[in-house]
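Welcome! Take a look at the structure below, and then let us walk through it together, one piece at a time.

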Amino acid sequence: MTSEQTPVVWPLIATSGLPPTGAQMGIDLLSGGAFYCDPVGWVTDDDIPVTNPNVVVFGKPGRGKSATVKAFALRMLAYGYRTLVLGDTKDEYEPLCRALGVEPFVIGHGLSARVNPLAFGPLGHGWEQLDSAEARRREAIMFARWLVLIRGLVGSQNVPFGPVEETAVGEALRLLTGYRSGATRLTEPTIPQLWQALDEPTDELVACCRYADRRHFLDATRTLRDALGSLVKGSLAGLFDDHTSIEVDWRAPIQSLSLSRLEPLGDQAVGIALTCLNSWGQAMREIAEPGDLRIVIRDETWRQMRLGAEAMKSLDANLRLSRRDADVQILLAHKPSDMLTAGDASSQAVAIARDLLHLCDVKVLHGQDQAVADELGSMLGLTPIAQRVVTGWAIAGKGRALWLVGDRAFKVQTVLTAPELALTDTNEALTGRPA
């Protein structure tokens, strides 16, 4: 018989266990023992088939996926981890933040909080003391991150971003910061300043981009300028169009940026906001202090994915850098096919979305309807027995999930304490009772 049939005939034979390190999440019903979650520890353990600490969590609404993530974040505090919620679209993490003595930041029209996605971050500190080699290294990192952001924002407007656009944006940013002129103290740019620099180009910018004259430059960059202008006057206005106005305490146990006020503006506006926060969050983590371990929670990532291939490349880069940054990146979605709404079945966006699943070696599969069984098999390679665990046993109770750690499967029931139950309740709007 096959290894798939063996556990049915001999149900007491459990999969090989994991070491008891990290957050104790609940009970592994296959072995009857406790189940611990330690993504970074799994990566460093050669006996566990995990090469990255990224986690993707799928589950039908109400099956406990957000409660599992919150419990994990809470319990990892004891191991020196802090949590960053990059875009709380439903204010689910507000009770958790306040219980830990932290007031979440709220981003929305008419509010004072601003986030500059073109922020220098720690790489801009002490620029005047840097030698030329270190300055070039930092410059390459910063400008690469900015180009990924602008490419994503422009791509969200269905405007191509090729070599012509990349050259224009790159040269404009070097002139705005003062890097091109060799300034010892760089000036942090904003997206409106970038748009203005492109819309009213100086002779120096035209020459740097190798155009014959100003008219030639304007004709070649028309769609780029129109796309940025639309964003500056629309989705970014009053939110991501100025220098950062919030002071983030990175030593606090948790920090959250709420985007719930943007819900009435639609999925595209929220997706653009998530893209901007993604770039800003990456900037803040580019030079992390030794031992600064972070759990980065990304909810509603499908909204960013719907902006197209270019917007997804920023998220893709973060997942690929998680080993370097020692960050545990957690993506939440309802079902695997949410990631395929980025474009046509054969598009580059969908190809990137599929690759994102492979960049998450840990998959937590909460309950799903039977209709999702086929995509569990085709996208995640689940066997029929594993599919029935997700669509049968897991759907019958909150907190039940099939955990895939590399190629190992664990049937886990998350166990919450009474205080955690209060902090992780997401039914407040339905019941009318405060959490």
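## A pair of neighbouring strands

Let us start with one residue and its partner. L404 has A409 in β11 as its bridge partner. Their surroundings are two antiparallel strands, β10 (residues 400-405) and β11 (residues 408-414), which are joined by 6 bridges. Keep in mind as you explore that this is a predicted model.

Strands of a sheet pair through backbone hydrogen bonds, and the pairing can be parallel or antiparallel. Helix α17 (residues 384-393) lies across β9 (362-366), β10 and β11, and runs at about 155° to β10.

## The whole sheet

How many strands form the open sheet, and in what order? There are 11 of them, arranged as β2-β1-β11-β10-β9-β3-β8-β7-β4-β6-β5, and their pairing is mixed. At the edges stand β2 (33-37) and β5 (105-106); each has a single partner strand, so one side of each has no neighbour in the sheet. Another helix, α13 (residues 309-320), packs on the sheet, where it touches β7 (293-298) and β8 (327-333). The direction of α13 makes about 135° with that of β8.

Is β8 enclosed or open to the outside? Buried residues make up 7 of the 7 in β8, so this strand is largely enclosed by the rest of the structure. Its side chains point two ways: D327, Q329, L331 and A333 go one way, V328, I330 and L332 go the other way, and all are buried.

You can find a parallel partner on each of two strands. With β3 (residues 55-58), β8 pairs in the parallel sense over 4 bridges, and V57 stands opposite L332 there. With β7, the pairing is also parallel, over 5 bridges; here I297 has I330 in β8 as its bridge partner.

## Salt bridges

Side chains of opposite charge can pair when their charged atoms come close. How many salt bridges does a search of the whole structure find? The search finds 23. One of them joins the side chains of E92 and K70, at 3.6 Å from N to O. E92 lies in the loop between β4 (81-88) and α4 (94-99), while K70 lies in helix α3 (residues 65-75), so the pair ties together parts that are 22 residues apart in sequence. Both E92 and K70 are buried. They also belong to a network of salt bridges that links K70, K90, E92, E263, D267, D299, E300 and R303.

R138 and E134 form a salt bridge whose closest N and O atoms are 3.0 Å apart. Both residues lie in helix α5 (residues 132-155), separated by 4 residues, which is about one turn of the helix. R138 counts as buried because its relative accessibility is 11%, whereas E134 is partly exposed at 21%. A further salt bridge connects R180 with E171, with 2.8 Å between the closest N and O atoms. In this pair R180 is partly exposed, at 38% relative accessibility, and E171 is buried, at 13%.

E375 is found in helix α16 (residues 373-380). Is E375 buried or exposed? Its relative accessible area is 16%, so E375 is buried. Leaving aside residues up to four places away in sequence, E375 touches K335, P336, S337 and L380. By contrast, E375 and A78 are 37 Å apart in space, C-alpha to C-alpha, and 297 residues apart in sequence.

## Loops and the surface

Some details sit in the loops. D91 lies in the loop between β4 and α4, and its phi is near 55°, a positive value in a residue other than glycine. N158 also has a positive phi, near 60°, and is likewise a residue other than glycine. You will find N158 in the loop between α5 and α6 (163-177), where it is exposed, with a relative accessible area of 72%.

Which residues form a nonpolar patch on the surface? They are I27, L29 and V415, with about 230 Å² of accessible area together. V415 is found in the loop between β11 and α18 (418-424), and at 42% relative accessibility V415 counts as partly exposed.

Technical notes: Residues numbered from 1 in each chain as written. Predicted model: local features only at pLDDT ≥ 70, side-chain atom pairs only at ≥ 80, totals over all residues. Heavy atoms only, no water. Pairing = 2+ DSSP bridges. Contact = heavy atoms within 4.5 Å. Axes fitted to C-alpha atoms, helices over the stretch in contact; angles between N-to-C directions. Patch = residues over 30% accessible without salt bridge, like charges linked within 9 Å, V, L, I, M, F, W, Y side chains within 5 Å. Areas by Shrake-Rupley, 256 points an atom, 1.4 Å probe, with all protein chains shown as cover. Salt bridge = Lys/Arg side-chain N within 4 Å of Asp/Glu carboxyl O. Buried < 20%, exposed > 50% of the residue type's maximum accessible area, 1.4 Å probe, protein only.
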